[in-house]
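Okay, thanks everyone, let's get going.

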Amino acid sequence: APATTISSTTVQDVGATVLSPSGTLNPGTISVNGQRETANYFSVNGSNTEEDVNSGTAIVPNLDSIAEFRIVTNNFDSEYGEYSGGQISVITKSGTNKFHGGAFEFLRNTNLDARNYFSPTRGAFRQNQFGGTFGGPIRKDKLFFFVDYQGTRQTQGVDTGVISVPSGADRGGDLSDLSSKLTGIVSGPYLATLLSQRLGYNVNAGEAYYTPGCTTSSCVFPNASIPQSTWSVPAQRLLQYIPAPNNSSGTFATSSYDQKVRDDKAAFRVDANSQWGLLSAYYFFDDFDLDNPYPTAQSGASVPGFNAITKGRAQLISLGDTKPINATTVNELNISYTRDYTDLGKPVGGTNVSLVSQGFANADGSPSIVALDPKGQSVENIVFNGYSIGAAANELTQANNAYQVADTFTKVLGNHSIKFGGEFHLDQVNANAIAQFNGNFIFSGSETGSDFADFLIGIPSQY
């Protein structure tokens, strides 16, 4: 084929709901010849393995089990259609008249890794990738088998990066280090009355929250200090989930919380020479779970304590018959079923915490926020200018089913080859978005000028 330009893209570029095969593998969302990442087709042993939402692949076989692969980028044969990008096909190995196989162990660890410059600790990295293949005859010249397995165990410390969090003084209400940000004014009479009641002195609408050197008669918070009597009850109870500074610069950074992956994949193939042609049966199974400490793509937190689990299982059953009719004529029949199930971002950290216990309660003790899912009550999702806290709120379960029947007839006539056939596939996507929002708060400093000051007095910029 002519020279082809293929550029890669990251999973995050495609969208937050991309379902990565085996937990962390790229689903093949690459741009081929300038086409969209969703314009490619994937097949294993002639079977459709497309993930039908983002158009990546749902099946990635053990590399040691692959006999050949082909990427067709242009001048497609008649058997290829529907997709304007690459046609990516994989054929797996079959058994022979001799037993053959192999085993492998690929190990990586932290010993030679450097510390991230912006992190006070060195994140762990341990990966064990192990498995093997084995194939041979069941009946010489007639019946063959091939099996393979691969397991992956990975622990990777994820860096938060440097996060500007409230200082120890801030957490007590002394915001003198944030005084330059306290530039807002009291936005209305209701809030002025509420603050007057809590502070014990008169506050007027339009009054500045803080000016340098101000007294109680000239600003709301003299000395840039917010008495705890002014704090909202939810702020008092949710402050525990905001990490304190852990380095000399007064910021927070860590790589001590790990992303953990467990993946097990296996496949079994049988081939038989018979009077009906070369019969082939292939079954692939891949089961994984991924523990993500910072599930921000599912509206989760960017600080520790709010991890989420993603679980997935992909399966492929493929039956094929390649029948030579005579020396110049061959017919190929393939029937397959592919299923890909993923539970994306199931919250773990911050769950089983009621709204009432967080301070969201009316005077009579009843909840002041009605949860979408009463059983799924959790720590509120709260977004500040530089970080977020709260349990992951956007879980998604998705089950894809693909049924395919394809038949190709090839005839050689002199110097010419004629190929024709047909294909039918039924694709089904069952997506269930499980919104766990119990209330989502954004604090950007729209009232006082400081996001943290807005949080303490309970005035979100958006709810």
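This is a predicted model: local features need pLDDT of at least 70, side-chain atom pairs count only at pLDDT 80 or more; totals for chains, interfaces and linings use all residues.

I want to start with the empty space inside. Rolling a probe the size of a water molecule over the atoms shows where empty space is left. Here the count comes to two cavities of 30 Å³ or more. The largest cavity holds about 70 Å³ of space. Which strands each supply at least two residues of its lining? Those are S13, S14 and strand S15, which covers 329-347. S14 gives the most, with three residues. In total 13 residues line this cavity, and Ser-20, Pro-21, Ser-22, Phe-288 and Asp-340 lie nearest its centre. By class, you get five nonpolar, five polar and three charged residues in that lining.

So where do those strands sit? Look at the open sheet of nine strands, ordered S9-S10-S11-S12-S13-S14-S15-S18-S19, with antiparallel pairing. At the edges you have strand S9 (100-108) and strand S19 (416-435); each has a single partner strand, so one side of each is left without a neighbour in the sheet. From one strand to the next, the twist averages 5 degrees. Zoom in on S13, residues 277-292, and S14, residues 308-326: they run antiparallel and are joined by 15 bridges. If you want a landmark there, Phe-284 stands opposite Leu-316 in S14.

There's another open sheet, this one of three strands, in the order S17-S16-S20 and with mixed pairing. Strand S17 (388-389) and strand S20 (440-442) take the edges, and each has a single partner strand, so again one side of each has no neighbour in the sheet. Strand S16, residues 381-383, pairs with S17 in the antiparallel sense over two bridges. Val-383 has Ser-388 in S17 as its bridge partner.

Now the pockets. The largest pocket has a volume of about 1,200 Å³. It's lined by 42 residues, and the ones nearest its centre are Asn-45, Gly-46, Glu-79, Ile-91 and Glu-332. The lining of this largest pocket divides into 13 nonpolar, 17 polar and 12 charged residues.

On to the second largest pocket, at about 680 Å³. Of the 30 residues that line it, Leu-25, Asn-26, Val-60, Pro-61 and Leu-63 are the closest to its centre. Several strands give two or more residues to this lining, among them S3 (41-44), S7 (66-72) and S8 (87-92), and also S10 (125-139), S11 (143-157) and S12 (258-274). Its classes come out as 15 nonpolar, 13 polar and two charged.

Next, the cysteines. How many disulfides does a search of the whole structure find? The search finds one. Cys-214 and Cys-219 form it, with their sulfur atoms 1.8 Å apart. The link is right-handed, with 45 degrees about the S-S bond. Buried or exposed, those two cysteines? The cut-off for buried is under 20% relative accessible area. Cys-214 has 7%, so it counts as buried. Cys-219 is at 0%, so it is buried too.

Last, a few residues in loops. Most residues other than glycine have a negative phi. Asn-33, though, has a positive phi, near 55 degrees. You'll find Asn-33 in the loop between strand S2 (31-32) and S3, and it is partly exposed, with a relative accessible area of 34%. Ser-55 also has a positive phi, of about 60 degrees, and is not a glycine. Ser-55 lies in the loop between strand S5 (50-51) and strand S6 (56-57). With a relative accessible area of 12%, Ser-55 is buried.

And then there's Pro-245, in the loop between helix H4 (233-238) and S12. At 29% relative accessibility, Pro-245 counts as partly exposed. If you'd like a distance to go with that, the C-alpha atoms of Pro-245 and Tyr-149 are separated by 45 Å, and the two residues are 96 apart along the chain.

That's what I have, so over to you.

Note on methods: Residues are numbered from 1 along each chain as its sequence is written. Side-chain values use heavy atoms; hydrogens and water are left out. A disulfide is a pair of cysteine sulfur atoms within 2.5 Å. Buried means under 20% relative accessible area, exposed over 50%, partly exposed in between (1.4 Å probe, protein chains only). Two strands pair if DSSP finds at least two bridges between them. Helices (H or I, at least four residues) and strands (E, at least two) are DSSP runs, numbered from the N terminus. Axes are lines fitted to C-alpha atoms, for helices over the stretch in contact, and angles run from 0 to 180 degrees between N-to-C directions. On a 1 Å grid over the protein atoms alone, a cavity is a set of points where a 1.4 Å probe fits but cannot get out, and a pocket is an open set with protein on both sides within 12 Å along at least five of seven lines; lining residues have an atom within 4 Å of a point. Grid points are joined across faces, edges and corners, and a volume is the space filled by probe spheres set on the points. Ala, Val, Leu, Ile, Met, Phe, Trp, Tyr, Cys and Pro count as nonpolar, Asp, Glu, Lys and Arg as charged, and the others, Gly among them, as polar.
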